[in-house]
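Morning, everyone. Please take a look at the structure on the screen, and then we will walk through it together.

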Amino acid sequence: MYQYDPLTALGRKLAVRGLTVTDTTDRLHVEDATGISVTITCRPRPEDGGRLWFFTEAGEPIGEADGEHEADAILHILGCLAQRAERRAEEAAR
């Protein structure tokens with residue numbers, strides 16, 4: 001029987017957008033073409049009744065790990081990558 005895996009589903013949708021996604025058992029490593037990356041985990045969030053949520057490697061909650069909130073998670077991840085790229089560019093300009 002097929003069981004829904006929120007990390008795998010999220011990883012597939014990110015890969016379709018041209019990102020390199022490495023899916024391990026408990027995390028996604030998402031990297032853009034320039035090598036900027038973010039790691040995503042999925043675990044219960046006690047503040048939300050134990051529902052599964054996506055988190056950044058820093059423990060920042062991204063959103064609930066279900067089909068209704070995947071698009072929000074994708075936007076958040078793309079935003080994280082863009083912010084990191086901007087910081088890298090600013091550091092290189094110094």
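Which residue stands opposite Glu64 in strand 5? The answer is Trp53. Keep that pair in mind, and remember that this is a predicted model.

Let's start with the whole chain. There are two helices and five strands. Read from the N terminus, the elements run α-β-β-β-β-β-α. The C-alpha atoms fill a box of roughly 50 × 30 × 20 Å along the principal axes. The chain has 94 residues, and 34% of them count as buried.

Strand 1 and strand 2 run antiparallel, joined by four bridges. They form a hairpin, with three residues between them. For a landmark, find Thr22, which stands opposite His29 in strand 2.

Now strand 3 and strand 4. How many bridges does this antiparallel pair have? Six bridges. Here the landmark is Ile40, opposite Thr56 in strand 4. These two strands also make a hairpin, with five residues between the strands. In that hairpin, Gly49 takes a positive phi near 70°.

Then strand 4 and strand 5. Strand 4 covers residues 51-56, and its antiparallel pairing with strand 5 has three bridges. Their hairpin has four residues between the strands, and there Gly59 takes a positive phi near 85°.

Stay with Gly59 for a moment. Gly59 lies in the loop between strand 4 and strand 5. The relative accessible area of Gly59 is 30%, so this residue is partly exposed. Where is Thr41 relative to Gly59? In sequence, the two are 18 residues apart. In space, their C-alpha atoms are 8.6 Å apart.

Back to our opening residue. Glu64 is found in strand 5, residues 61-64. Why does Glu64 count as buried? Because its relative accessible area is 18%, and the cut-off for buried is under 20%. What does Glu64 touch, leaving out residues up to four places away in sequence? The list is Asp48, Arg51, Leu52, Trp53, Phe54 and His69. Trp53 is on that list, and Trp53 is also the residue standing opposite Glu64.

One general point before we leave the strands. In a regular strand the side chains alternate between the two faces of the sheet.

Now the helices. Helix 1 covers residues 6-16. Helix 1 and helix 2 pack at an angle of about 55°, with their axes 11 Å apart. That angle makes helix 1 oblique to helix 2. The crossing of the two helices is right-handed. Which residues make the contact? Helix 1 brings Ala9, Leu10, Lys13 and Leu14. Helix 2 brings Glu70, Ala73, Ile74 and Ile77. Sort them by class, and you get six nonpolar, no polar and two charged residues.

Last stop: Arg87. Where does Arg87 sit? In helix 2. Is Arg87 buried or partly exposed? Partly exposed, because its relative accessible area is 44%. Arg87 and Thr56 are 31 residues apart along the chain, and their C-alpha atoms are separated by 17 Å.

Definitions and conventions:
Residues numbered from 1 in each chain as written. Predicted model: local features only at pLDDT ≥ 70, side-chain atom pairs only at ≥ 80, totals over all residues. Heavy atoms only, no water. Buried < 20%, exposed > 50% of the residue type's maximum accessible area, 1.4 Å probe, protein only. Contact = heavy atoms within 4.5 Å. Pairing = 2+ DSSP bridges. Axes fitted to C-alpha atoms, helices over the stretch in contact; angles between N-to-C directions. Parallel < 35°, antiparallel > 145°, perpendicular 65-115°, else oblique. Left-handed = near helix turned anticlockwise from the far one by under 90°. Nonpolar A, V, L, I, M, F, W, Y, C, P; charged D, E, K, R; others polar.
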